[in-house]
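Here are some exercises to work through with the model open beside you. Try each task before reading its solution.

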Amino acid sequence: MVKQLVLGAFEEFTPNFIANAWHHERGDTSAFATLEFWQDLAARMDAAGFDFFFLAEAIGYPMNDAGQVPEAVIRDAVQFPVHDPLALISGLATAAPRIGFVATASTTAQHPLLNARTFTTLDHLTGGRMGWNIVTSDNQQALVRLLGQTDVTPHDERYARATEFVDLSLRLWEEAWDEGAVLADKATRTFSDPAKVHRIEHDGKYFRFDGYFPATPSPQRTPTLFQAGTSAAGTAFAARYAECVFTQDREAARLAATVARLRAQAVAAGRPADSVKIINGASFVIADTVDEAQRLRAELNATPTREATAALFLGWSGVDLGALDPDATLDSVSTEVGHTMIDMWRNPNGTSPTVGEILDSLASTFGGMRFTGTVESIAAEVEALVEETDIDGFLVENWYGGYEGYRDFVEQLMPVLRERGLLPDVARSGTLRSMLTGEPDVPEWHPARAVRGAQSGA
Ligand SMILES: Cc1cc2nc3c(=O)[nH]c(=O)nc-3n(C[C@H](O)[C@H](O)[C@H](O)COP(=O)(O)O)c2cc1C
């Protein structure tokens, strides 16, 4: 039996993200800074039957170790300008009443209290439709300079900080307020029952907290937890906390290996293999003939400049390809930024591509799996990929920006995927967690459950 996929729309609050194709004739993102632009898009994805609207985040932008920002970043709009995704969501929720919202927020840049309060607020305002994509952040060089930090926090230490950040957040969401603490009882003038609201004291390596969490429990309490970053440290972190993992593999065999590794680590962490939903990036170029689709794909590959793609790579990986010998490989390059990005260009079983080859092919490889063909050929490929890799869904990449970037996928491919049983006949609804996991509550194995009610009755 085929698996029913979950679908997210992959966006960032910027003119156009990974494709850097905002200037393509089919798209128009000149109004990207307006609420109406995003409300229109979210409403259409809601009506189309997508499960969630996903917002990546970049507080920093590509910058090399010397603090120089490639000119292409500003000229070509490479994650710059970028606006605040969390500020967008309540406005989207009014226009899109069913779809979930997953917002990326960084444990390297944020503070647990401020972050937890924002997600609780948004989970209330969306009626339980919020997800948090937990990242330790790319674009590190700019991030530390903008936040006034002295240096990039080493890669694995960022995950140690993320662990403490999430553990404290879970206490704020699950332990600070008991069920039934909010009474709003006029007769006794008791809004909240002091016996059921608990002080949280935390004195850790990275954070201290001493006091009450000032936001009432939201419909999901803990927002649905996503994670992105599949280094060894990232995978271990995902195995502990993530209900969904966003991956970006672009070859079936590599994706199958990532899925197997994530499921094995989940089992080793004491949870069922299928309790981690693995959602891979995917872009779809659809036309009446395979030739025409390939022509359009080639046109899209030629859209971003070489400087823009190299800058995007720098931001995500921390590696400035322009400063390296074009004949060298990345085999011995080390980075404190993104291991996932570098690992994609290393071939442990053979010859790795050279820096020159990587630069030549970046535009045609950014993002996740690429599907190019007719509706029927792509639907068959999707089914075969799900069978081969055991993934749970796709984060559909927007190419041109705005609804144009999804139109063919929504209007042509989704009906055929539905006919093949790869999508539900009726769009999922309810809280985001129930849409993605089938269960309304955080699962038993999750660390959230260990702290829930820890002080109740105390
Ligand atoms: C698929 C994917 C999506 C990511 N999205 C973001 C993002 O939106 N914002 C961000 O700051 N970092 C993002 N990152 C980077 C992560 O913050 C990650 O922590 C970083 O790559 C370092 O961890 P890693 O070596 O495990 O990949 C993403 C990484 C991956 C692999």
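**Exercise 1.** Describe how helix α7 (residues 232-241) and helix α8 (residues 252-268) pack.

*Solution.* Axes here are lines fitted to C-alpha atoms, for helices over the stretch in contact, with angles running from 0 to 180 degrees between N-to-C directions. Helices are DSSP runs (H or I, at least four residues), numbered from the N terminus. This is a predicted model, in which local features need pLDDT of at least 70, side-chain atom pairs count only at pLDDT 80 or more, and totals for chains, interfaces and linings use all residues. Residues are numbered from 1 along each chain as its sequence is written.

Next, find the residues that meet: T235, A236, A238 and A239 from α7, and R261, L262, Q265, A266 and A268 from α8. Contact means C-beta atoms, placed from the backbone, within 7 Å.

**Exercise 2.** Is A264 buried or exposed, or something in between?

*Solution.* First locate A264, which sits in helix α8. Then count: 13 other C-beta atoms lie within 10 Å, so A264 is partly exposed.

**Exercise 3.** Which residues does F53 contact, leaving aside its neighbours within four places in sequence?

*Solution.* Go through the list: A9, E11, A42, M45, L92, I99 and F101.

Methods: Contact = placed C-beta atoms within 7 Å. Helix = DSSP H or I, 4+ residues; strand = E, 2+ residues; numbered from the N terminus. Buried ≥ 20, exposed ≤ 12 C-beta atoms within 10 Å, placed from the backbone.
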